Amino acid sequence: MGVTNSNKTASLTQINCDGTFDVTLALTATPDITTNPTDIVLVLDRSGSMEGSALANLKLGAKKFIQIIDQATDGSGDGQIGSGSRIGIVSFAGTASQDTALITSVAALDAAVDNLSAGGLTNHADAFSVATSLLGTPSSNAKVMVMFTDGNTTAGGNPSPAAAAARAQGIVIYVIGLIGSDGIDISALNNWATDPDTSHVAVTPDEADLETLFEDLAANISKPGATSILIDETVEQDFQILSLSQPVKGSAMLTGERTLTWSIPELGVTSSEGASLTFTVKHVGTTGGTKKINQSVSYHDDQNNVVTFPEPSVDVDCTQIVVPEPCPQPVELTAEGCRDTLVADAGEISLQSLGRILELSVTIRNVCPRKRVGLAVLLSEQDESGIEHARGTKILTVPAHDSSGCRDVLVKGIRFVLPEDLNVSGCGFCKNRSFKARFLANLIDSDFVCPFSS
């Protein structure tokens, strides 16, 4: 069967600038059909939209599939599926029917395919249920379902739960889709099939392609695991590979700051087998946002398996938060026993005007490492004639950061107290007031250091 599953995952979905996380590559391979006896059910759409040449091409494809499995199981086209494997036929329209049991006779299978006639609606849910029941007969064989359809569901319930139930029983589901006159929901096919979709779903608008699609699928199912596997990984420029853990299967090595190679001599040759590789990645870019992790990942083996890995991403937060103004220190008071009154000396406090509190935040862009920033905030209030009146100035020192690159710094909590008796924006208490804020930011530190500086 070759490589039956491939995956790539990240241990985190969100990190800070300069953050690290793990990435895991995973593969599963299954041996060829001669050493891994397999029960296969062809689930064939015979609804009304298949009438004519579409049904004729389907029959050619299905019989070609049976012929290749016959050849692969015992090395000869002798009319008998060998090595313990079996094939069954289920067809469906408004309802599904079991047209054969799991059998080895190529002639009987071909006859069942030739007897198909088109007509009726399309009930995918019943098709999955009947095929799952057929594959549920006691057997140690691997179980594969090949669903062919040319349209959307028009009868029965939602097929997705029935397909999920089949997968839960260990049945590998392949789907071949023909885009018929009423179109086809490719996302539904992807949902039904075993992951990854790229190796388990094939869709064509041309019915003449059906024979080739069935032929390719049969060849894939009968592949002998995978040998001489070579995977080359390159992460995006915003990331660097720090280290990797040697895998249980094969060996891996870093070939650059952003590249690695993983080689596996053989996988899934004698039984279904998985392999994984985990490596640690660090964000080294200067900007945040949603970042795709891998720039490219290529796969090669002696069997020419077509393997596609997912492309995970991570949200990078490059905002450093500075809150320069702490809350006022509290005065601690204690009420003893059941006393109804308390007299306490609160000490000396600074007089503050009563009024509105205006709190501002500002992001300073591209602040480089080990550089303090002087930030000035000038606040004014605009009266009805457009004349500005000064309302205060705040000067802050923004601490330096130690990141590897320049980054944005968010300064929060710059507060101004604005009494109502200073209101020049309009008459009346609690009316709208118009303010203007101006920000000035300059580096305090430079690279110049005198030799005698302490």
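What is the volume of the second largest pocket?

I am working on a predicted model, where local features need pLDDT of at least 70, side-chain atom pairs count only at pLDDT 80 or more, and totals for chains, interfaces and linings use all residues. Residues are numbered from 1 along each chain as its sequence is written, and side-chain values use heavy atoms, with hydrogens and water left out.

**Pocket.** The second largest pocket comes out at about 360 Å³. I took a pocket as an open set of points on a 1 Å grid over the protein atoms alone, where a 1.4 Å probe fits, with protein on both sides within 12 Å along at least five of seven lines. Its volume is the space filled by probe spheres set on the points, which are joined across faces, edges and corners.

I then listed the lining, meaning residues with an atom within 4 Å of a point. It holds 17 residues, and Thr 198, Ser 199, Asp 216, Leu 217 and Asn 220 lie nearest the centre of the pocket. By class, ten are nonpolar, five polar and two charged. Here Ala, Val, Leu, Ile, Met, Phe, Trp, Tyr, Cys and Pro count as nonpolar, Asp, Glu, Lys and Arg as charged, and the others, Gly among them, as polar.

Which element gives the most to this lining? It is α7, with four residues. β8 (172-178), α6 (197-200), β9 (201-204) and α7 (210-221) each supply at least two. Helices (H or I, at least four residues) and strands (E, at least two) are DSSP runs, numbered from the N terminus.

**Disulfides.** I searched the whole structure and found two disulfides, each a pair of cysteine sulfur atoms within 2.5 Å. With the bonded cysteines numbered in sequence order, the pairing is 1-2, 3-4.

I looked at Cys 368 and Cys 406, joined with S to S at 2.0 Å. Cys 368 sits in the loop between β19 (356-367) and β20 (373-382) and Cys 406 in the loop between β21 (388-398) and β22 (407-418), so the bond ties together parts 38 residues apart in sequence. The S-S torsion is about 80°, so this disulfide is right-handed. Cys 368 is partly exposed at 30% relative accessible area, and Cys 406 is partly exposed at 21%. Buried means under 20%, exposed over 50%, and partly exposed in between (1.4 Å probe, protein chains only).
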